[in-house]
Structures are given as structure tokens and as C-alpha cells.
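Dear colleague,

Please find below the structure that I am handing over to you.

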Amino acid sequence: MTHRGSCHCGRVAFEVDGDVEQVIECNCSHCDRKGFLLWFVPRSNFRLTSGVDDLRAYTFNKHVIQHQFCTTCGTQAFAFGKDRNGNETAAINVRCLPDLDRSRLKVMQVDGRSF
């Protein structure tokens, strides 16, 4: 299934392929403050459809995740990184997928404060 998402103002838009069944709620200082619900997919499943020039990256801690945010509205709809095996991944903030019914998702708690 293809999901369409965007930042709040719509300048940054994307598509991502896959079935969302489980998301991660991380308690690290970044995710906790922003209320992210993250769905990790292979980077090849993600396509930016607009807004490449409207994105800026933010990193913190070990600087391994490139948190992408819209320079106009500040929304962070996704991030790029690598999984433990070195594969390129995209972390999708499912709150930026407006047609997704989040009530049916399994939410897994992750202790990111301990990383």
C-alpha cells in the first residue's frame, strides 16, 4: 500500500510504501518532546515528491539520524538513518500520514533515553 504524507504547510510531500501495523513511541529527549509515532521502512520504500529545497536536517546525540524538517512550518515528517545492519532506512512520523487510521496501530515503547 502507498501512503501519502506531508508537513503541515504542504511544501514537503512524500510517498511511502508498506503496511503500517506497528509504530515506535520513543522516550528520547527529541521524540518525547515532539510526540512522534515512528514507522521504520527501507529507504527504497520512501519517495520525496516535493519540497527538497524546503528541507533542513537536524542531528543530535551520536549524529546518526538525519531528522528532516520543513523550513517553513517546522514539521518533521521523516528522518533518514541506518538500521543495525547498515541498511538505509526512513523513519516516518505517522502523524504526518493524514489518511492513516492510527487507532488500529500497535504502539511499541522504546527506551531511547538509554541509548
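The notes below cover the pocket, the nonpolar cores and the aromatic pairs. Please keep in mind that this is a predicted model.

**The largest pocket**

The largest pocket holds about 940 Å³ of space. Its lining is made up of 28 residues, and those nearest the centre are Phe40, Val64, Ile65, Lys82 and Phe115. Two or more lining residues come from each of these elements: strand S3 (22–26), helix H1 (29–34), strand S4 (38–42), strand S8 (78–82), strand S9 (88–93) and strand S10 (106–110). S8 gives the largest share, with four residues.

**The nonpolar cores**

The largest nonpolar core has 22 residues, and the members that touch the most others are Phe14, Trp39, Phe78, Ile92, Val94 and Leu97. At least two residues of this core are supplied by each of strand S2 (13–17), S4, S8 and S9. Another core, of nine residues, lies apart from the largest one; Ile24, Cys28, Cys31 and Phe36 are among its members.

Leaving aside residues up to four places away in sequence, Val94 touches Val20, Val23, Leu37, Trp39, Leu100, Arg102 and Leu105.

**The aromatic pairs**

The model contains five aromatic pairs. One of them joins Phe14 and Phe78 in an edge-to-face arrangement, with 5.4 Å from centre to centre and 70 degrees between the planes. Phe14 belongs to strand S2 and Phe78 to strand S8, so this pair ties together parts that are 64 residues apart in sequence. Phe14 is buried, at a relative accessible area of 1%, and Phe78 is also buried, with 1% relative accessibility.

Phe78 takes part in a further pair, with Phe80. The ring centres of Phe78 and Phe80 are 5.4 Å apart and the planes stand at 45 degrees, so this pair counts as tilted. Phe80 has a relative accessible area of 18%; the cut-off for a buried residue is under 20%, and Phe80 is therefore classed as buried. Ring pairs join Phe14, Phe46, Phe78 and Phe80 into a cluster.

Taking these points together, Phe78 is among the residues that touch the most other members of the largest nonpolar core, and it is also part of the ring cluster.

With kind regards

Key:
Residues numbered from 1 in each chain as written. Predicted model: local features only at pLDDT ≥ 70, side-chain atom pairs only at ≥ 80, totals over all residues. Heavy atoms only, no water. 1 Å grid on protein atoms, 1.4 Å probe; cavity = no way out; pocket = protein on both sides within 12 Å on 5 of 7 lines; lining within 4 Å. Points joined across faces, edges and corners; volume = space filled by probe spheres on them. Core = buried A, V, L, I, M, F, W, Y, C linked by side-chain atoms within 4.5 Å. Buried < 20%, exposed > 50% of the residue type's maximum accessible area, 1.4 Å probe, protein only. Contact = heavy atoms within 4.5 Å. Phe/Tyr/Trp six-rings, centres within 6.5 Å; stacked < 30°, edge-to-face > 60°.
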